[in-house]
Amino acid sequence: MSQFAINLLFVGASFALYIGIAIWARAGSTKDFYVAGGGVHPVTNGMATAADWMSAASFISMAGLLASGGYFASSFLMGWTGGYVLLAMLLAPYLRKFGKFTVPDFIGDRFYSGAARNIAVVCLIVASVTYVIGQMSGAGVAFSRFLEISNTAGIWIAALIVFLYAVFGGMKGITYTQVAQYVVLIIAYTIPAIFIAMQLTGNPIPMFGLFSTHEASGVPLLEKLNTVVSELGFREYTADIDNKLNMFLFTLSLMFGTAGLPHVIIRFFTVPKVADARWSAGWALVFIALLYLTAPAVGSMARLNLITTVYPEAAGQVEDYDAAMRDAIEYEERPDWVKTWEETGLITFEDKNNDGRIQFYNDKSEEFASIAEARGWNGSELSVNNDILVLANPEIANLPPWVIGLIAAGGIAAALSTAAGLLLAISSAVSHDLIKKTFKPDITEKGEMLAARISMAAAILVATYLGLNPPGFAAQTVALAFGIAAASIFPALMMGIFSVTMNNKGAVAGMLAGLLTTLVYIFTYKGWLFIPGTNTLPDNVDNWILGVSPLSFGAIGAVINFAVAFIVAKSTDAPPAEIREMVESVRYPKGAGAAQDH
Amino acid sequence: MADDKSNAAAYWSANLRLIFGSLIVWALVSYGFAILLRPLLAGIPVGGTDLGFWFAQQGSILTFIAIIFHYAWRMNKLDEKYGLGE
């Protein structure tokens with residue numbers, strides 16, 4: 001069987017599974033559609049949350065980020081997991097007790113303010129739409145690489161599949177397909193990682209392998225990696241950094257952002273009880289950690305594999321690294337997986353010094369320039385796209401063709417599961433918060449259900465369009481999504497629960513202040529509305545205030561939000577008695593009942 | 001009624017104490033050991049690097065899981081003790 005047929009088989013079988021689940025889990029009521037009937041087991045919800053959370057970026061790009069970023073990239077690992085601690089203790093149980101369908105619903109009711117509700121709707125839609133673009137284009141890339149169809153056709157197929165189970169099944173259909181998608185993606189991610197860890201360290205568990213001995217050289221894996229990368233002019237992989245403030249704030253922004261992303265929060269509305277919401281956050285993190293603990297091993301091992309492919313003499317016990325690095329592989333003898341990926345343009349080679357060999361090193365380092373010159377090198381000749389590390393892993397480790405089929409199905413599962421969760425968050429905000437709560441309060445349940453389905457279909461069309469015509473700033477927008485969630489949604493939710501005295505004016509002023517300062521800081525360096533060339537200051541560390549990157553500003557935006565909200569609340573009328581009672585009732589699990597509308 | 005009120009207030013302050021303690025551990029392993037205090041842990045070798053690096057890549061995540069399950073377990077006990085569970 002050809003590789004193409006195997007890929008088709010795996011992807012086709014996974015689609016058949018998702019559609020089968022969708023038919024079984026049709027939504028019959030708005031409660032089914034928005035919160036899966038409120039009867040999802042906490043472990044099931046944890047697994048669905050993990051699939052919801054782990055996007056095409058987590059599956060495909062994170063190992064590459066870790067491989068190239070070294071120690072600093074640990075911020076992604078800590079930030080994207082530490083947010084769940086905040087969710088479990090500060091948000092999920094109380095929002096579950098509140099028992100409504102959407103995040104703007106809580107903000108609107110708690111702050112007795114249509115303005116607060118609408119700001120929340122806008123934040124939710126901007127954060128979710130920017131996030132969904134990446135999922136659609138990620139699915140498109142996976143389709144075109146593995147199924148040999150055009151990117152456009154790939155995105156349309158992805159849209160059709162999501163349409164089938166999200167529009168008909170709503171949250172109920174999405175929940176159970178996400179469970180299946182989690183199983184597919186975690187198996188696909190770990191199998192190649194286990195084989196690679198075995199080959200390099202003899203330890204079959206990647207997270208232990210990372211801190212074990214590298215068998216070929218007899219020194220610890222990370223020490224070996226540090227040595228070979230610094231022999232090529234790169235920073236040591238585990239080296240500490242100087243700009244601690246930025247790393248601190250970046251991690252904090254990712255944590256606040258994770259806790260404030262609406263598509264994750266609404267998953268906790270689907271469990272039967274408040275206690276289940278707490279357990280469920282723990283299970284979600286367990287399932288997420290299975291991948292996030294494997295990713296740093298995949299990243300570092302793939303980087304070592306890549307370097308020892310180019311410099312085979314540097315693989316084992318080396319006495320003279322200079323000699324080993326001079327003896328780079330000849331281009332004609334490169335392994336097959338390099339040839340495969342050269343065809344996609346994601347690996348490129350240019351023989352700058354015409355010696356027929358591949359040189360791969362840090363040609364940006366000034367200190368290393370004299371060594372490179374002495375070795376007769378004339379610039380790094382190989383460029384490797386970070387995103388291929390996970391996708392190429394099975395080929396690097398010489399695994400059988402079915403593993404590649406599994407990776408294809410896994411990458412697509414990661415993209416689809418996150419896209420569906422985001423689309424549900426968008427459509428429920430439109431049909432429930434805008435149409436029912438703002439424009440047409442007398443809408444019937446049947447009418448609201450239809451509105452929810454139509455807004456879901458419309459959201460899919462918008463996401464497909466943006467996936468096909470990604471705005472030039474697509475890569476920048478993830479900062480925007482996390483910045484908005486961290487600076488505006490997370491503080492508003494927290495104050496709504498933990499401060500009885502927070503009032504409508506304070507909340508609205510705080511959300512706007514957090515949102516606007518964050519947007520201004522991001523746009524100053526990234527361009528106003530991300531239009532290239534319109535940035536006020538160049539986007540580099542010398543111009544950042546106190547060395548704080550625009551990506552790290554969400555945490556400061558959150559602090560501004562808290563401060564402004566409390567100052568305004570102090571000088572305006574306290575909230576009415578029924579709101580104080582509502583805040584009290586949210587704090588105690590007793591009498592939660594099922595998630596409901598009224 | 002007054003009893004109910006003070007009971008509920010005691011439950012809430014027990015919850016806040018638990019949250020506060022959990023957040024200290026949460027901050028210590030991530031912002032402390034993995035970032036700001038890493039130079040202090042540089043002398044403790046772990047698999048070719050130092051303990052701070054291990055906390056940054058694995059230790060903090062494992063601790064986060066333990067924090068959440070511990071919190072959920074303790075809160076269930078509190079729900080029961082104060083008669084405020086479902």
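Helix 16 of chain A passes helix 18 of chain A in a right-handed crossing, a crossing being right-handed if the near helix is turned clockwise from the far one by less than a right angle, and left-handed if anticlockwise. The helices of this predicted model are DSSP runs of H or I with at least four residues, numbered from the N terminus. Local features here need pLDDT of at least 70 and side-chain atom pairs count only at pLDDT 80 or more, whereas totals for chains, interfaces and linings use all residues. Residues are numbered from 1 along each chain as its sequence is written, and chains are lettered from A and ligands numbered from 1 in the order in which they are written.

The axes of helix 16 (residues 336-344) and helix 18 (residues 388-396) of chain A come within 9 Å and cross at roughly 140°; axes are lines fitted to C-alpha atoms, for helices over the stretch in contact, and angles run from 0 to 180 degrees between N-to-C directions. On the helix 16 side, A:Trp337, A:Thr340 and A:Trp341 meet A:Ile388, A:Ala392, A:Glu395 and A:Ile396 of helix 18, contact requiring C-beta atoms, placed from the backbone, within 7 Å. This contact has five nonpolar residues, one polar and one charged. Ala, Val, Leu, Ile, Met, Phe, Trp, Tyr, Cys and Pro count as nonpolar, Asp, Glu, Lys and Arg as charged, and the others, Gly among them, as polar.

A second pair in chain A is formed by helix 6 (residues 103-110) and helix 7 (residues 114-146), which pack at an angle of about 160° with their axes 7 Å apart. Helix 6 and helix 7 of chain A are therefore roughly antiparallel, the term for angles over 145 degrees. Their crossing is right-handed.

Turning to the partner chain, 42 residues of chain A are in contact with 37 residues of chain B. Helix 5 (74-98), helix 10 (221-231), helix 11 (244-260) and helix 13 of chain A each supply at least two residues of the chain A side. The largest share, 10 residues, comes from helix 13 of chain A. By class, the chain A side divides into 28 nonpolar, seven polar and seven charged residues.

Helix 13 of chain A is largely enclosed by the rest of the structure, because 17 of its 19 residues are buried, that is, with 20 or more other C-beta atoms within 10 Å of their own. Helix 11 of chain A is mostly covered, with 14 of its 17 residues buried.

Note on methods
A residue is buried if 20 or more other C-beta atoms lie within 10 Å of its own, exposed if 12 or fewer, and partly exposed in between; C-beta atoms are placed from the backbone. Two residues are in contact if their C-beta atoms, placed from the backbone, lie within 7 Å. Angles under 35 degrees count as roughly parallel, over 145 as roughly antiparallel, 65 to 115 as roughly perpendicular and the rest as oblique.
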